[in-house]
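Reader: I'd like to go through this model with you, one topic at a time. Could you put it up first?

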Amino acid sequence: MKNYTKILASAAAAIALFVSTNVNAQNSEPTNPSRQKLGIGLNIGAGTKDGLGLAIGGDLRYQIDIDRQLSVPVSAGYTNFSVKDNYGGGSFGYIPVKAGLKYFFSNSGSGAYAMAEAGAGFGTKSGTGTAFVYAPTVGYSWSNGLDLGAKYEGYSNNGNIGYAGIRLAYGFKL
């Protein structure tokens, strides 16, 4: 239980660090509060390795818009993987903490985008350890805050697991 507390404290500290850090772009548009967003999302998908079933989780994402086309997202959440009955059943989870880049194809700050994130996934079950996590995503973000993305999220730690799925989210301007 002590390791779980340390993991949560580390994740909270990392998010606080990123939230409190002011990022300045090298262009004429200064960062201001309306260019920062906080989103909450639901992730659901199918495991991509034999024996894995449904993957479901949620996350919080803090996003700083560098300009109208480029953003820096930082996220943390929880993902639960179910194990199929003929592989022993049960489930296990990870706490992914990621940072990345999000590029919008239009200069409006919404619409179609591509995103790449990487970070660490802290296993919540004894013996799962910490994994390198990566998540390429393509999606669409509406100007009203809704966001829908298709993604693959992979975990690499003495082997690879992952899931292919979707993320449905809502973002609030700060």
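Reader: Leaving aside its neighbours within four places in sequence, which residues is Phe 172 in contact with?

Author: Phe 172 is in contact with Gln 36, Lys 37, Leu 38 and Ile 40, where contact means heavy atoms within 4.5 Å. Before we go on, this is a predicted model, in which local features need pLDDT of at least 70 and side-chain atom pairs count only at pLDDT 80 or more, while totals for chains, interfaces and linings use all residues. Residues are numbered from 1 along each chain as its sequence is written, and side-chain values use heavy atoms, with hydrogens and water left out.

Reader: And where does Phe 172 sit?

Author: Phe 172 is in strand β8, strands being DSSP runs of E with at least two residues, numbered from the N terminus.

Reader: Switching to the inside, which residues make up the largest nonpolar core?

Author: There are eleven in all, among them Leu 52, Phe 81, Phe 92, Val 133 and Ile 161. A nonpolar core here is a set of buried Ala, Val, Leu, Ile, Met, Phe, Trp, Tyr and Cys residues joined through side-chain atoms within 4.5 Å. The elements giving two or more residues to this core are β2, β3, β4, β6 and β8.

Reader: What about Phe 81, buried or exposed?

Author: Phe 81 is buried, because its relative accessibility is 0%. Not counting residues up to four places away in sequence, Phe 81 touches Leu 52, Tyr 155 and Gly 162, including others such as Ser 91.

Reader: How many aromatic pairs does the structure hold?

Author: The structure holds twelve, a pair being rings of Phe, Tyr or Trp (its six-membered ring) with centres within 6.5 Å, where planes under 30 degrees apart count as stacked, over 60 as edge-to-face and the rest as tilted. The rings of Phe 81 and Phe 92 are stacked, because their centres are 5.3 Å apart and their planes are at 15°. That pair links strand β3 to strand β4, eleven residues apart. The rings of Phe 92 and Tyr 94 are edge-to-face, with centres 6.2 Å apart and planes at 80°.

Reader: Which residues do ring pairs link into a cluster?

Author: Ring pairs link Phe 81, Phe 92, Tyr 94, Tyr 155 and Tyr 163.

Methods: Buried < 20%, exposed > 50% of the residue type's maximum accessible area, 1.4 Å probe, protein only. Helix = DSSP H or I, 4+ residues; strand = E, 2+ residues; numbered from the N terminus.
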